[in-house]
Amino acid sequence: KTFEDADDATQFDSNPDTTTVTFCHSSLGDFFRGVKGKVSAGDGYPSIGVDFNDAQFNVAKLCLEILCNEEGEDKATSLRYDADGHWPKHLHMLSASKKSSLEISCDEESMLKSEDTAASLRYYAAKNWPKHLHKLDSSKMTNAQKIQIVILLCRMFTQQSTMKYWIFTVGPPFLTTTNLGQVRKWMDDEQIVTELPPGCQEFVRSTSSSPADTFRSLILVVERYWLGDLLGHSETCCDMVFNYFCLKDGTPDLQHEGCNSAAILISLAERLGMEKTANWYRRVAVTLRDKGFLEESLTYFTKSLELDSTLWLSRGGMATTYFQLGQYEKVIELHASLISEVQQGTGRLAGVNKYLHAMYERTAECFAKLEDTANALKYYQKGHSISPQCNKCICQLLLLMDAQKLCEDIILTLKAMQGRMTPTGDCAYLAVFVYILSLIHI
């Protein structure tokens with residue numbers, strides 16, 4: 001039953017059969033997140049609830065601390081980087097996704113399924129720290145709290161060793177006037193700046209006249225992943241540089257147009273000021289191709305090879321561009337020479353089987369496009385023999401065999417898969433293939 005006077009004990013009966021309790025909050029979470037802070041029923045009763053402002057501060061601070069933490073890098077690194085500093089290609093992710101390896105490494109669903117709790121927390125922090133920073137109400141914070149936030153922000157934008165853990169998660173959309181203004185709002189409080197360590201004071205004051213330079217160190221890291229010695233997703237890196245220079249030049253309205261021409265893309269790469277090595281030209285060529293500027297891409301692959309004719313990846317990249325142009329005979333010709341070099345050990349390439357498999361598969365695709373079924377079968381078979389876990393090779397191989405009514409070959413292929421165990425020795429490749437097919441058709 002209901003009652004009007006909460007202080008009148010005679011109106012209240014705790015018997016569950018005669019008592020109705022109405023919960024007035026929209027959720028249990030709202031009950032604990034009251035803006036008035038913790039509430040007690042009176043003397044001798046514990047306070048319950050959460051001080052909402054303190055909670056917001058603690059969450060934002062913890063996110064920044066996680067991303068600035070240089071300890072325990074091995075655990076966090078394992079989720080995103082191979083031992084050579086490159087993005088990983090997890091087979092169980094790539095088999096079901098068309099995303100780039102960088103996009104997969106930043107994919108929320110894949111990350112949250114990871115058993116690595118520390119890495120999952122790092123991803124949450126990387127994705128959500130701008131949101132938590134925006135929610136902070138500086139008018140309800142102590143100076144000590146404000147100083148902690150500004151010191152952490154200074155570390156975020158100067159500590160290049162840990163930027164790799166978050167910059168590609170927030171990506172190009174982070175580099176906006178809104179986010180820049182939010183960061184500078186904390187840094188430009190002179191009362192707080194005077195209380196900062198000398199290094200932080202120097203950073204804040206050196207970037208005050210040109211606020212976009214707050215992101216300069218971040219862009220230097222992106223530059224290495226785009227055009228330098230590290231491997232990143234070309235379009236993502238290019239778009240981040242484009243957005244940065246829009247902020248730098250005072251033209252943020254151009255960000256919605258994006259890097260929409262080959263000339264703009266090339267000027268961005270040149271503006272960064274890196275030495276134009278063969279690898280620089282190759283990286284620009286890859287970005288031009290990924291952005292859809294195929295003819296310009298071929299020009300830059302050619303320039304790369306003019307500087308270093310032995311740069312194997314430039315010819316491989318050129319073959320990919322020819323494939324997108326539909327010039328399949330040129331792809332086959334390039335791959336034939338590359339395969340010969342790899343087999344003779346003159347290709348200077350680590351992880352040979354990975355590249356051989358990719359070339360066999362692409363060569364098979366070209367023969368199939370040219371309706372040369374015999375050679376398509378031959379090269380899909382070669383690709384399958386090197387990489388039996390590749391579903392594309394085995395599926396295309398079986399489809400072509402079926403179209404040619406090569407029933408005995410199908411049976412022999414499946415039997416060979418049944419007799420070949422996965423590296424873990426848990427099951428045969430045939431079992432894995434059948435399982436994946438069952439997932440596709442569910």
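Which side chains meet in a salt bridge at 3.9 Å, N to O? They are the side chains of K392 and E361. A salt bridge here is a side-chain nitrogen of Lys or Arg within 4 Å of a carboxyl oxygen of Asp or Glu. K392 is in helix α23 (residues 391–403) and E361 in helix α21 (residues 352–369), 31 residues apart, and the pair links distant parts of the chain. E361 and K392 also belong to a network of salt bridges together with R362 and E365.

The model is predicted: local features need pLDDT of at least 70, side-chain atom pairs count only at pLDDT 80 or more, and totals for chains, interfaces and linings use all residues. Residues are numbered from 1 along each chain as its sequence is written, and side-chain values use heavy atoms, with hydrogens and water left out.

The chain holds 25 helices and zero strands. Both are DSSP runs numbered from the N terminus, helices being H or I with at least four residues and strands E with at least two. Of its 442 residues, 44% count as buried. Buried means under 20% relative accessible area, exposed means over 50%, and partly exposed is in between (1.4 Å probe, protein chains only). By these cut-offs E361 is buried, at 14%, whereas K392 is partly exposed, at 36%.

Confidence is given as pLDDT, the predictor's score for each residue from 0 to 100. The chain averages 83, and 78% of the residues score at least 70. Confidence is lowest in helix α4 (residues 91–94), at a mean of 28, and highest in helix α18 (residues 294–307), at 98.

The salt bridges number 13 in total. Side chains of opposite charge can pair when their charged atoms come close. One of these bridges joins D213 and K248, with the closest N and O atoms 2.7 Å apart. D213 lies in the loop between α13 and α14 (216–227) and K248 in helix α15 (residues 234–248), so the bridge ties together parts 35 residues apart in sequence. K248 is partly exposed, with a relative accessible area of 34%. Another bridge joins D290 and R289, at 3.6 Å between the closest N and O atoms. In that pair R289 is buried, at 12%, and D290 is partly exposed, at 30%.

Helix α13 (residues 198–206) contains Q201. Leaving aside neighbours within four places in sequence, Q201 is in contact (heavy atoms within 4.5 Å) with V193, T194 and L196. A polar atom of the Q201 side chain lies 3.4 Å from the backbone oxygen of T194.

Terms used: Polar contact = N/O pair within 3.5 Å; in protein donor to acceptor, adjacent residues only side chain to side chain.
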